Amino acid sequence: MKPTLRFLRHLVEMVVAMTAGMLLLSPVWNAAWPGLHGRPAAHALVMATNMSVGMAAWMRVRRHGWRAITEMCGAMYAPFLLLLFPYAAGMLDGGALMSLGHLLMLPAMTLVMLRRRSEYTHAHPLPTRLIRVGVLVVAAVLPPLLVGAVVARSNASSVYAPASARSDLRPAPSPSHDPAKPTAAVVVGTRGANVADALAPYEVLAATDAFNVYTVAPARSPVPLTGGLDLLPDLSFADLDARLDGRPADVVVVPAMPDASEPAVLAWLRGQAGRGAVTLSVCYGARVAAAAGILDGHEATSHWFHLGGLKRSHPSVSWRNGVRYVDDGAVVSTAGVLSGVDGTLRVVERFLGTDRARAAATAVGWTHYVPGSPAPLPVQRFGPGDAVAGLNLAFRWDVPRVGVLLTDGVGEVELASVFGSYTEATYAARTVTVGLTHSPVRSRHGLAFVPRESVVDRPALDRLLVPGVNAAAHSGGDVLAVAAATGLTPEYPHRDGGFAFGAVLRDVAATTDVPTAAWRAKLLEYPAGELDLAGPSWPWATTVRPLVLALVGLVLGLVALRVARPWADRRRRERHVRPSTSSEPSLTA
């Protein structure tokens, strides 16, 4: 039984070592070869190399000879090399190449081990010094990893926290319909949608006063937008179909959604596109449109952060990088977040002309409109300063709770700027909507938003933000009542006007730190060079946290080794006096 257990232990050790090699070396390859993920054959061989390096290093620690190491590395490459032939013949796509290669790797490793079974069933304990170093490394690494994983999960789940179930909430009256106007539908899933991807195109279209613009969902119940902004959709899918007498909408806007595979959404999108609707996918909403099959055979773009994955999962789409939008006839797709403004203005151009598009850009404060073509967009990739993203996600656990007061007439982009800047990817605050009551509040163009907390709830808040230029100019009784109930002074991020996101990003820099604000601007694809950010130069307090956790773990590891030392010494003495009966061969160096 012992030889079998030793064999399995060796196998598990090598799987862990090859996984470690893959995790450690993949970021190096991604930085050196940005287009690697778009070349499945090369990516497969690089992956095999990364795993071979990790496994070979561990086999040397285990004192295996170079011949055995070479054979085992061959087992890493062999499955991928064999699968390259059906891949080149078009019988496999890139995803199948990677999946089958990894699947066949384990039996290939097992066959090599069986060929040299004496090496993998032989009892050869690790050097004592190596064991001690390993214990200390694990003790130092484990606490930051565990705490970081818990905090990261909490932060990520807070972005789309489910809307409160309210039995007393009645659907808002449906907006009126003018059959002489084209109809645009902004889709939100049951689990919600990205706040900027949905609300920015909505306001651009509504600002023209020439579209029937509706938010639509599988059902008319509140759905969470990014950061906890609960939207009450204008219409259900069935409502819109009935209103249009079975005709499709003229434009269907597809924002990013936390659930990109909701069957009701995908089926409705396919039906709309099949009957002639123009699909506008915004940012990572391309994943939803691609899942519905709408982008197949088209040129398209998406957020730079996700393009590599989209190329792998949807190879039938011709993905482009470095453009704010791609107009491919029936499909218009945009790059990240605020590029959705440009893509929507392109749709306005197609339906209404350049003058109306320019007027809509002015109405929302967007000064970067380029008639007839997308504005330049630099190709983005990770830089050293972007390490702040991981720190914020995993170790920013004490962020302020910021109340966002919903007031009638607030602009949709103004709302999006607050909920889209403090929460997703920055985790600089936990935002919560506040109102005088729980009754829906109407935005500038008639959307209904439901506050999660009211004055009656006596919400515990650290800051009180009141978005909107109009709110800053005309502070009314609602603001005073909420301020009195919370004991906080209202802050008006849009007091000075301008494009709404600029003021909020500057506040993120001032209240959090400059790298966090710069990272969010990069993800939003805010035009470079326009922001003048001032604030703390780096989140030093957050940076120290994983180091302190590692130090605590290291101290505990030293204590554990000290406690276990008498037992280890006794075991070592017993091994020296026990007569050796093993006839197994020793390993060659």
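**A look at the salt bridges**

Author: Let's start with Arg463, which counts as buried because its relative accessibility is 13%; buried means under 20% relative accessible area, exposed over 50% and partly exposed in between, using a 1.4 Å probe and protein chains only. Please keep in mind that this is a predicted model, where local features need pLDDT of at least 70, side-chain atom pairs count only at pLDDT 80 or more, and totals for chains, interfaces and linings use all residues. Residues are numbered from 1 along each chain as its sequence is written, and side-chain values use heavy atoms, leaving out hydrogens and water.

Arg463 has a salt-bridge partner in Glu491, with the closest N and O atoms 2.6 Å apart. (A salt bridge is a side-chain nitrogen of Lys or Arg within 4 Å of a carboxyl oxygen of Asp or Glu.) Arg463 belongs to strand 17 (residues 463-465) and Glu491 to strand 18 (residues 490-491), so their pairing ties together parts 28 residues apart in sequence. Helices (H or I, at least four residues) and strands (E, at least two) are DSSP runs, numbered from the N terminus. Glu491 itself is partly exposed, at 29% relative accessible area.

Another salt bridge joins Lys522 and Asp386, whose closest N and O atoms are 2.5 Å apart. This pair links distant parts of the chain, 136 residues apart: Lys522 is in helix 19 (residues 514-524), and Asp386 is in the loop between helix 13 (354-364) and helix 14 (388-395). Both residues, Lys522 and Asp386, are buried.

Across the whole structure, a search finds 22 salt bridges.
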